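Let's take a walk through this structure together.

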Amino acid sequence: MIPKYRTLFNESFSTTKYQEFQDSVAADFDYLPTFRMAETPFFISNELKSQLLEGCQDVINLIQQDDFKVLTEQSLELNTKVPNEDEHTTFLAIDFGICEEDGKIIPKLIEVQGFPSLFNYQYILYDKFKQFYPFLSELTPFINNISSEDYLKIIEEAICNNHPKENVILLEIEPEKQNTKIDFYYCKRDIGIPIVCVTELVKKDKKLYYHNDKGVEIEVKRIYNRVIFDELELRKDLDMKFSFSDDLDVEWAGHPNWFFRISKFILPMLKGKYFIETTLLSDLKEIPEDLENYVLKPLFSFSGTGVIFHVKKEDIEAVTEKDLYILQKKVHYIPIVQSPDGKVKAEVRVLCVWKKEDKSPTLLCNLVRLSRGEMIGVKFNKDKDWVGGTLGLFER
């Protein structure tokens with residue numbers, strides 16, 4: 001998208017340098033991410049950046065509506081409702097596929113999440129790329145052109161809210177087994193909060209506690225929540241001493257209710273040039289004849305779980321809980337990133353935080369996924385190169 005830097009990068013690239021780039025990440029914690037690290041950043045032109053920001057603002061406008069909680073209350077009725085919800089989400093991730101429509105490049109909203117993403121890993125990735133390709137320092141992954149230090153300070157404020165670090169925890173289900181644990185490691189290192197499994201928390205009255213490395217019992221005052229509820233629902237084996245539905249004396253950095261409110265649940269409500277025709281199955285009047293042009297998705301799944309790309313009539317008829325699925329028109333991702341052997345598709349996730357006192361979220365950084373397959377997910381890109389997770393770089 002920025003020809004100068006694409007040419008510079010591809011001329012500088014080598015498989016040896018790519019291996020050294022991966023080794024540099026692995027050396028930080030003696031651990032290489034289990035997800036595939038893409039070879040290249042995605043160079044985002046000012047024109048595409050403007051489109052992405054406009055699309056994000058259209059999403060934010062809906063979320064800022066006075067009746068947004070009323071509009072999304074059903075999403076909580078379908079799931080576990082957690083007490084003490086705050087006024088707005090703390091984190092926002094807005095995913096756009098880079099598509100082609102009427103012969104022109106345009107971002108199309110694929111998904112939106114009121115949930116944190118790889119905030120700590122992404123800015124480290126920028127430093128790693130610059131280490132091996134110094135000319136990339138002329139670009140930035142930050143939407144508002146801040147420094148890495150400023151970015152980390154904003155993330156720390158959102159996660160900790162001025163609480164002592166020992167009273168703030170990153171909470172996950174068996175964090176050591178998660179594909180995203182490289183982000184947890186950087187969060188612990190750079191922000192200084194402990195990583196705690198849901199089974200390690202102890203409830204006393206309305207308070208939660210964990211034991212630190214020295215075995216001392218510490219009160220939890222704020223939770224940086226990374227627990228995905230569809231995973232939690234499947235883990236009946238977990239010996240938890242509390243429930244998310246308990247009335248707890250704790251703050252949430254990312255209140256769990258926002259995972260449901262800001263999700264695929266709101267996609268049918270969004271209309272405009274950056275949005276895809278989406279219908280809740282319970283609102284579907286009749287099954288389209290051209291199902292090859294649609295994809296069937298569960299509302300609250302994560303990482304593409306349960307998505308049916310080649311939809312058949314019987315797939316729709318087999319869904320019993322029609323309030324929990326959407327039928328979405330397919331879009332045409334355009335191969336746009338020039339690799340050494342052909343072009344690759346891209347999806348851009350804009351990462352935002354929303355401080356408690358602010359009227360609107362702050363757009364901060366991004367995450368990019370590259371694909372050669374039908375879809376962005378891992379199973380569509382096995383044994384392929386120049387695919388996987390990376391970041392987008394903007395002109396300063």
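**A helix and its neighbours**

In helix α7, the residues Ser-148, Tyr-151, Leu-152, Ile-154, Ile-155, Ala-158, Ile-159 and Cys-160 are buried, meaning under 20% relative accessible area with a 1.4 Å probe and protein chains only. The model is predicted, with local features needing pLDDT of at least 70 and side-chain atom pairs pLDDT 80 or more, while totals for chains, interfaces and linings use all residues. Residues are numbered from 1 along each chain as its sequence is written, and side-chain values use heavy atoms, leaving out hydrogens and water.

Helices here are DSSP runs of H or I with at least four residues, and strands are runs of E with at least two, numbered from the N terminus.

Now turn to helix α8 (residues 181–191), whose axis comes within 11 Å of that of α7, crossing at roughly 95 degrees. Axes are lines fitted to C-alpha atoms over the stretch in contact, with angles from 0 to 180 degrees between N-to-C directions. The two helices are therefore roughly perpendicular, a label for angles of 65 to 115 degrees. Here Leu-152, Ile-155, Glu-156, Ile-159 and Cys-160 of α7 meet Cys-187, Asp-190 and Ile-191 of α8, with contact meaning heavy atoms within 4.5 Å.

Finally, find the open sheet of three strands, ordered β1-β19-β4 with mixed pairing. Strands β4 and β19 (residues 392–395) run antiparallel and are joined by two bridges, and pairing requires at least two. Thr-140 has Phe-394 in β19 as its bridge partner.

Key: Buried < 20%, exposed > 50% of the residue type's maximum accessible area, 1.4 Å probe, protein only. Parallel < 35°, antiparallel > 145°, perpendicular 65-115°, else oblique.
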